[in-house]
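I open this notebook to record what I looked up in the model. The entries cover salt bridges, strand pairing, surface and confidence.

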Amino acid sequence: MSQLEVNSIDKYNGHNLLVGSQLNLKSYDTTARDALTSVAGDMIYNTSTNKVQFYNGSAWADTASTAAVAITYLVIGGGGGSPGAIADYSSGGGGGAGGYRTNKSGQTSGANASAEATYYVPLSTNIPVTVGAGGTAGPTASGGSGKNGNTGNSSIFASITSLGGGGGFEYYSTYTNSFNPNSPDVDNKAGKVGSGGGGAWSAAAVGVGAGVGRAGQGMNGGIGNNTGAGDGSGRTGGGGGGASAVGTDGASGVGGDGGAGLSSDITGAGVTRAGGGAGAGNGTGNTGGTGGGGAGGNSSSLGGTAGTVNTGGGAGASMTTTGSASAGTAGGSGVVIIRWTTADATLGGTRTGLTDDGVQTTGSDSYIIFTAGTGNITF
């Protein structure tokens, strides 16, 4: 049998290219198929399933059920919560923003990554959607060990998952290093959260590492500070990481700012989301990251502010002066926004378990914003 090796075949003139006999596609089993470096439009014969398959730009699909619609998405996880403050002049770290993923052309995904690839979903198929809730506030009960705000919950669209933001920390006792954000038994470490929560002042001059963001989703948090005034009033917390910038470190008396979020015009108008929460400190400042990050507490207003709902903003941290306790705050809930060409598909009206604003239009496209819940959608 002869073999012809070329890079391109095209018609000579006239009608479309005609194949005079049966066309035999290259065969692969599923394992070999998954090892290929593929681009949208590639076709194979899968010997594991005995089906012709094509690559749609994000996954392999069967030609027997390949009717699909291209989706532009913005998926943001819930922001991290902030801790309750206990000890004299205790100042917590801000919550990290929820993970931020988008494939909107020309825009930026979390941690300043490029927009992700074109994404197709099949028609007449249940597609899972979850809007992650913000992380709840950490405890305020007294004790010798550190406390942290709770991690935000992940948001999901189909196979796209944006992780919740890391909770901020209050302080770290030399007697129980299990509360160090970088220890293996705490979620607020590399790869576990969308953006890292802020570290806090140290109980015995033992440095507390900040939470670590995930590539393609969010940035690291800042660390706290325990220098300055001898009465402890210089203690401060670090800011939580945002989608586009790290949370800043606390300085003497002033908590670190939350990291900035990112703007998307997926709905036709630019909106900034996924800002980190600010750390607390005795002095003023302590600003939440643009995009829903909460402000940190200070001596005039001890309590931090919560992250803004449906932005994935991290919670602002709280502080105390002397002989008091101050409750932490919650991170902002996430959001799932999808957009498609109106002429290509119609979104089904049954969306049980989900809260949304209904299908809206911008130009030749339709979009929908999911603000809460878990359920399925179908095109």
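**Entry 1: salt bridges.** I took a salt bridge to be a side-chain nitrogen of Lys or Arg within 4 Å of a carboxyl oxygen of Asp or Glu. By this rule I count 5 salt bridges. The structure is a predicted model, in which local features need pLDDT of at least 70 and side-chain atom pairs count only at pLDDT 80 or more, while totals for chains, interfaces and linings use all residues. Residues are numbered from 1 along each chain as its sequence is written, and side-chain values use heavy atoms, with hydrogens and water left out.

I looked up R101 and E116, whose side chains meet in a salt bridge at 2.8 Å, N to O. The pair links distant parts of the chain, 15 residues apart: R101 lies in strand 6 (residues 100–102), and E116 in the loop between strand 8 (113–114) and strand 9 (119–122). For burial I used relative accessible area: buried is under 20%, exposed is over 50%, and partly exposed is in between (1.4 Å probe, protein chains only). R101 is buried at 18%, whereas E116 is partly exposed at 23%.

I next examined D265 and K104, which form a salt bridge with their closest N and O atoms 3.3 Å apart. D265 is in the loop between strand 13 (262–264) and strand 14 (271–273), and K104 is in the loop between strand 6 and strand 7 (108–109), so the pair ties together parts that are 161 residues apart in sequence. D265 is partly exposed at 29% relative accessibility; K104 is buried at 16%.

**Entry 2: strand 15.** Which residue meets R339 in a salt bridge? I found D365, at 2.8 Å, N to O. D365 belongs to strand 18 and R339 to strand 15, 26 residues apart, and both residues are buried. Strands here are DSSP runs (E, at least two residues), numbered from the N terminus. Two strands pair if DSSP finds at least two bridges between them.

Strand 15 (residues 335–341) is mostly covered, with 6 of its 7 residues buried. Strand 18 (residues 365–377) pairs with strand 15 in the antiparallel sense over 6 bridges, and V336 stands opposite F370 there. Strand 5 (residues 68–76) also runs antiparallel to strand 15, joined by 5 bridges; in this pairing L74 stands opposite I337.

Entry 3: I noted an open sheet of 4 strands in the order 1-2-3-4, with mixed pairing. Strand 1 (27–28) and strand 4 (60–62) stand at the edges with a single partner strand each, so one side of each has no neighbour in the sheet. Strand 3 (residues 51–55) pairs with strand 4 in the antiparallel sense over 3 bridges, and A61 in strand 4 is the bridge partner of F54.

**Entry 4: surface.** L4, V6, I9 and L17 make a nonpolar surface patch of about 440 Å². Patch residues have over 30% relative accessible area and no salt bridge; like charges are joined within 9 Å, and nonpolar side chains (Val, Leu, Ile, Met, Phe, Trp, Tyr) within 5 Å. Areas come from the Shrake-Rupley method with a 1.4 Å probe. I9 is in the segment before strand 1 and is exposed at 59%.

**Entry 5: confidence.** I checked pLDDT, the predictor's confidence in each residue, from 0 to 100. The chain has a mean of 87, with 89% of its residues at 70 or more. Residues 173–185 have pLDDT below 50, and this stretch has 34 contacts (heavy atoms within 4.5 Å) beyond near neighbours in sequence. Where pLDDT is low, the predicted coordinates should not be read in detail.
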